Amino acid sequence: MSQETKPNIHIIGCGYLGKKLLNALISRNLTSPAMIHCLVRSTASQSQCAQSGVTSIAFDLDLVHSTLPSEINLSEAIIYYFAPPPSQGKTDDRAKQFLKLLTEYLHSTGEKITKIILISTTGVYGNCKGQWVDENTPLNPSVDRALRRADAEQQFQQFCDHTQTTLVILRVSGIYGPGKLPLQRIKAQTPIVREEDSPFSNRIHSDDLLEICLKAGLSHDIEGIFNCADGHPTTMCDYFMKLAKANHLPSPPTITLEQAQTQLSAGMLSYMAESRRINNKKLLTDFNLTLKYPDLDSGLK
């Protein structure tokens, strides 16, 4: 494959998942470093990405900008939008700023984007009281972090409808894998809610999520909304117990849900207030995908 035919890829927000994607694109020769642009918030991230030989630009979407950076070339680009929403509020103003600049860029250049891949969350379904959830389940976000993700989904859907751009929304469950495990919490013996009071928890191994992201961007026939989970939910208590055992750590102490109200953080309590089981059949079928780690036990090995 010549450099001219390799895809033009832009990664907006290059954190844990973005760096995995960047490394895979280069190591597997799926495109050339010259065809990859990373738009990152900090100069530290800019330096890390630049070491791979790609164009890396520090660009803070929380600031008001008149244009996108001049180094950007979005002609027939595949855009991975991994930038997290702001930490507060019910709307994603970062997504709003990016799409505003993107609209103005396309209007001034006449160029067309090939595809956008947006990372969202299964949290947009809200509390489903342990019921199974698929992509047709109505959205019912109940906490601000999920409201911000639902707002971003709506913004990107409106933009892509208007510009006739292919959109893939990946509603991702809890990510686990190397460097993405709550081991410090277990080592600190922070209590967890006991099994009988614990909500269902859904996960996806970071290696499987990487393959999903690659296929979402590089396969011409994939578009739409997909739940990204391994399809084998367990309780949150089960997750922490198995994680402790797999890493030869003492099991964390368990408490009742009533005790948790005064002993756990507000953030953890908000997760404990939601329970759902994520159906991933559409993902497996449309992506023609076999997960490397189809359940927690295989992933922790």
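Reader: Which element gives the largest share of the lining of the largest pocket?

Author: In this predicted model, the largest share of that lining comes from α4, which supplies four residues. The largest pocket itself has a volume of about 1200 Å³, and of the 40 residues that line it, the closest to its centre are T121, S173, G174, I175 and Y271. Among the elements that give two or more residues to this lining are α1 (16-27), β5 (115-121) and α9 (266-272).

Reader: How do the residues of the lining of the largest pocket divide into nonpolar, polar and charged?

Author: They divide into 20 nonpolar, 13 polar and seven charged residues.

Reader: What lines the largest cavity, and which element gives the most to its lining?

Author: About 40 Å³ of space lies in the largest cavity, and its lining includes R185, M236, C237, F240 and M268. The element that gives the most is α7, with three residues, while by class the lining has eight nonpolar, one polar and one charged residues.

Reader: Why is T262 called exposed?

Author: T262 has a relative accessibility of 70%, and exposed means over 50%, so T262 counts as exposed. The residue lies in helix α8, which covers residues 257-263.

Key: Residues numbered from 1 in each chain as written. Predicted model: local features only at pLDDT ≥ 70, side-chain atom pairs only at ≥ 80, totals over all residues. Heavy atoms only, no water. Buried < 20%, exposed > 50% of the residue type's maximum accessible area, 1.4 Å probe, protein only. 1 Å grid on protein atoms, 1.4 Å probe; cavity = no way out; pocket = protein on both sides within 12 Å on 5 of 7 lines; lining within 4 Å. Points joined across faces, edges and corners; volume = space filled by probe spheres on them. Nonpolar A, V, L, I, M, F, W, Y, C, P; charged D, E, K, R; others polar.
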